[in-house]
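The tour below gives one selection at a time.

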Amino acid sequence: PISNITIDCSALGAGNGIKRDSAAPNFRLFLVNSANGSLQIENAVLSCGNPGANYDGGAILVHNGSVTLTSVTCTANSAQNGGGIEQSGGSLTFSGSANTLNNNSASNNGGGYDLTGGTLSGFPNLTINHGFEGGGFHVSAGGSLSLGAGGYTFTGNTAVAGGGFMT
């Protein structure tokens, strides 16, 4: 396995990144599962990740290691929990204010983001995400959250319970 990955899509121009073709078999875009692993993504759109009906983390699943996202949009991803991102351990940092989780869905918790363990620093803008609980963002026991300075957008997120944010 590759332990450290850095991806910068700025040379590709706005709106470019990594997309699962809708005709492709189900898969999530990134899994970070090594305690020493790191993933850094800059200036990218991560879209259409779908690991399948009973799996978590449409675009990114973080079990261990560290993830840093800078000017990243996760859109049109889906999963059981964490339609955009599922974090059950490790650390994830949203660097800057230009990160967005948009139009993601989860059949259970956290349409945009589901935090069940690990540490989250910074925060994304959450727009038009849907989940059963926590349409935009869901956090449960075991997760640690540091929101930072604020100025985040929560718009159009829907859920049976906790449309924008649920703990």
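**Stops along the chain**

Start by selecting Cys-48, which sits in the loop between strand 4 (38-47) and strand 5 (60-62). Strands here are DSSP runs of E with at least two residues, numbered from the N terminus. This is a predicted model, in which local features need pLDDT of at least 70 and side-chain atom pairs count only at pLDDT 80 or more, while totals for chains, interfaces and linings use all residues. Residues are numbered from 1 along each chain as its sequence is written, and side-chain values use heavy atoms, with hydrogens and water left out.

Check the backbone of Cys-48: phi is positive, about 70 degrees, although the residue is not a glycine. Most residues other than glycine have a negative phi.

Ile-128 is not a glycine either, yet has a positive phi of about 55 degrees.

Now select Asn-99, in the loop between strand 8 (85-95) and strand 9 (100-102). Is Asn-99 buried or exposed? Asn-99 counts as buried because its relative accessibility is 0%; the cut-off for buried is under 20% relative accessible area (1.4 Å probe, protein chains only). Show the residues around it: leaving out those up to four places away in sequence, Asn-99 touches Leu-69, Thr-70, Ser-71, Val-72, Phe-94, Pro-124 and Asn-125. Touching means heavy atoms within 4.5 Å. The side chain of Asn-99 reaches the backbone nitrogen of Val-72 at 2.9 Å.

Finish with Phe-94, which forms one aromatic cluster with Tyr-113, Phe-123, Phe-137 and Phe-154. The structure holds 4 aromatic pairs, where rings of Phe, Tyr and Trp (its six-membered ring) pair if their centres lie within 6.5 Å.

Technical notes
Helices (H or I, at least four residues) and strands (E, at least two) are DSSP runs, numbered from the N terminus. Buried means under 20% relative accessible area, exposed over 50%, partly exposed in between (1.4 Å probe, protein chains only). A polar contact is a pair of N or O atoms within 3.5 Å; within protein, one must be able to donate a hydrogen and the other to accept it, and residues adjacent in sequence count only if both atoms are side-chain atoms. Rings of Phe, Tyr and Trp (its six-membered ring) pair if their centres lie within 6.5 Å; planes under 30 degrees apart count as stacked, over 60 as edge-to-face and the rest as tilted.
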